[in-house]
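Subject: Structure for your review

Dear colleague,

Please read the notes with the structure open beside them.

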Amino acid sequence: MNNYLYQDLVNRTISLTRQMFEEAAQKGFRESDIDEILLVGGSSRMPQIMKAVKEAFGKDVRMFDPDEAVAKGAAIYAAHMSEFNQAVEEIAAQEHKSVEEVKEEIDAGKLKIDTQSGLSTAPLSIVNVSSRTYGVRCIWDGKESLLNLIFKNQDLPAHGENTLYPVENNQRNARFEILESFASDEHCDPSVGTEIGHADLELPSGITQRTPIEVTFTLDESGLLKLKGVEKLKGRTVEATFETANAMSDVEMKEATHRIQSSNIN
């Protein structure tokens, strides 16, 4: 098989694996703490993928149930929720309380229950997170940079803000170019991102390089990214909303939650 037929897939796999190590490091795990890399998904059957990952990271690489790993995770979740909800209902009936009251006591740490499987008694929850990082193109320390405000895997809704400054005195316009990427650093090269839109803020006369411009991002669970830019000399503001392919809608989230919680595991 010619390299060009699969090289892009290899490169993306290496990039995603490297990001996994970076995220693990942020949570206190060193690369030396990880003994083995498990690959899931149909493409992990390709020997080129396993070979490239092993050569890149020097770890043992093993393919783990590539077709059913995600489904089994969902099954474990459904089994846990079924046991948990049954236990809550039994306690509510015994103590003449509502299910909501029992769950509130569990959340507050006032009540602990045991399930037949011995799984954690804390209720699991589906959390919608950002699948990408979002930032604004700017000049930082004299060079063009991508300043990231919302990061991949951040819980939604997400919020990020920072302060920028005009490049020159009497600048008449500030353009906010919004880029999405898979970056994990606050500052990175703009070439790693893809522009999803832009907005312009007309600046008043008297603006100097020391006039702060506050930039705020808000990403909601429907995948809408809202930008707000405010210059602090006269208070002029620009607001814009950008669609992303980032998140599940509220309806999709509720449907997914219902499907998992109503599943029966034998």
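**Helix packing and cores**

In helix α3, residues F84, N85, V88, E89, I91 and A92 meet V99, V102, K103 and I106 of α4, where contact means heavy atoms within 4.5 Å and helices are DSSP runs of H or I with at least four residues, strands being E runs of at least two, numbered from the N terminus. By class, this contact of α3 with α4 comprises seven nonpolar, one polar and two charged residues (Ala, Val, Leu, Ile, Met, Phe, Trp, Tyr, Cys and Pro count as nonpolar, Asp, Glu, Lys and Arg as charged, and the others, Gly among them, as polar).

This is a predicted model, in which local features need pLDDT of at least 70 and side-chain atom pairs count only at pLDDT 80 or more, while totals for chains, interfaces and linings use all residues. Residues are numbered from 1 along each chain as its sequence is written, and side-chain values use heavy atoms, with hydrogens and water left out.

Helix α3 (residues 69–95) and helix α4 (residues 99–107) pack at about 110 degrees with their axes 9 Å apart, the axes being lines fitted to C-alpha atoms over the stretch in contact and the angles running from 0 to 180 degrees between N-to-C directions. That angle makes α3 roughly perpendicular to α4 (65 to 115 degrees; under 35 is roughly parallel, over 145 roughly antiparallel, and the rest oblique).

The axes of α1 (residues 7–26) and α2 (residues 47–57) come within 10 Å and cross at roughly 45 degrees, which makes α1 oblique to α2. Here L9, V10, T13, I14, T17, R18 and F21 of α1 meet Q48, I49, A52, V53, A56 and F57 of α2, and the residues of this contact divide into nine nonpolar, three polar and one charged.

The largest nonpolar core has 25 residues, and F176, F217 and L227 have the most contacts inside it; such a core is a set of buried Ala, Val, Leu, Ile, Met, Phe, Trp, Tyr and Cys residues joined through side-chain atoms within 4.5 Å, with buried meaning under 20% relative accessible area, exposed over 50% and partly exposed in between (1.4 Å probe, protein chains only). Strand β9 gives the most to this core, with four residues. A second, separate core of 13 residues includes F21, I37, I49 and V53.

Finally, Q19 lies in helix α1 and is buried, with a relative accessible area of 12%.

With best wishes
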